[in-house]
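Please look through the sequence and the model below before reading on.

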Amino acid sequence: LHDALPIFLPMSSRAQCVLDCRQCGGLFRLGRNVEAALTMVDVFDHAQSLLSRGSPAMQQQWLQLLPPMLACQEGRDWLGLADYLEYELVALLESES
């Protein structure tokens, strides 16, 4: 009798995007703004890809979420941007999972 090895299933694309949102928000909170901003481009691309396949309501929520996030970035409100990434965008991504 041998011990069973754990089976690791690949993470879904949506779960990976949620993880990336949280990690990016964490970078902003740590003051690693340049690294976080570069990561955010990939996060937004991934989120856009996922949410464009969602319901019209989900797509509308995404379009409403973008302007305040970009305003935070423009105003260098890194904590506000982290909040949007870690809470608002994650909630939207998880709403139809």
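**Briefing on the charged pairs and the fold**

Asp83 counts as partly exposed, at 36% relative accessibility, where buried means under 20% relative accessible area, exposed over 50%, and partly exposed in between (1.4 Å probe, protein chains only). This is a predicted model, in which local features need pLDDT of at least 70 and side-chain atom pairs count only at pLDDT 80 or more, while totals for chains, interfaces and linings use all residues. Residues are numbered from 1 along each chain as its sequence is written, and side-chain values use heavy atoms, with hydrogens and water left out.

**Overall fold**

- The protein chain has four helices and zero strands, where helices (H or I, at least four residues) and strands (E, at least two) are DSSP runs, numbered from the N terminus.
- Of the 97 residues of the protein chain, 32% count as buried.
- Among contacts (heavy atoms within 4.5 Å) between residues at least 6 apart in sequence, 67% join residues at least 24 apart.

**Salt bridges**

- The structure holds four salt bridges, each being a side-chain nitrogen of Lys or Arg within 4 Å of a carboxyl oxygen of Asp or Glu.
- Side chains of opposite charge can pair when their charged atoms come close.
- One of the salt bridges joins the side chains of Asp83 and Arg29 (2.5 Å, N to O); Asp83 lies in helix H4 and Arg29 in helix H1, so the pair ties together parts that are 54 residues apart in sequence.
- Another salt bridge joins the side chains of Arg22 and Glu94 (3.7 Å, N to O); because Arg22 lies in helix H1 (residues 13-29) and Glu94 in helix H4, this pair ties together parts that are 72 residues apart in sequence.
- Glu35 also forms a salt bridge with Arg32, with their closest N and O atoms 2.6 Å apart.

**Glu86 and its surroundings**

- Glu86 is placed in helix H4 (residues 78-94), and it is buried, with a relative accessible area of 14%.
- Arg29, Asp83 and Glu86 are linked in a network of salt bridges, and Arg29 is partly exposed, with a relative accessible area of 35%.
- Leaving aside neighbours within four places in sequence, Glu86 is in contact with Cys21, Arg22, Gly25, Gly26 and Arg29.

**Cysteines**

- The count of disulfides comes to zero, a disulfide being a pair of cysteine sulfur atoms within 2.5 Å.
- The sulfur of Cys17 is 4.5 Å from the closest cysteine sulfur, in Cys21, which is too far for a bond.
- Cys17 is buried, with a relative accessible area of 0%, and Cys72 also counts as buried, at 10% relative accessibility.
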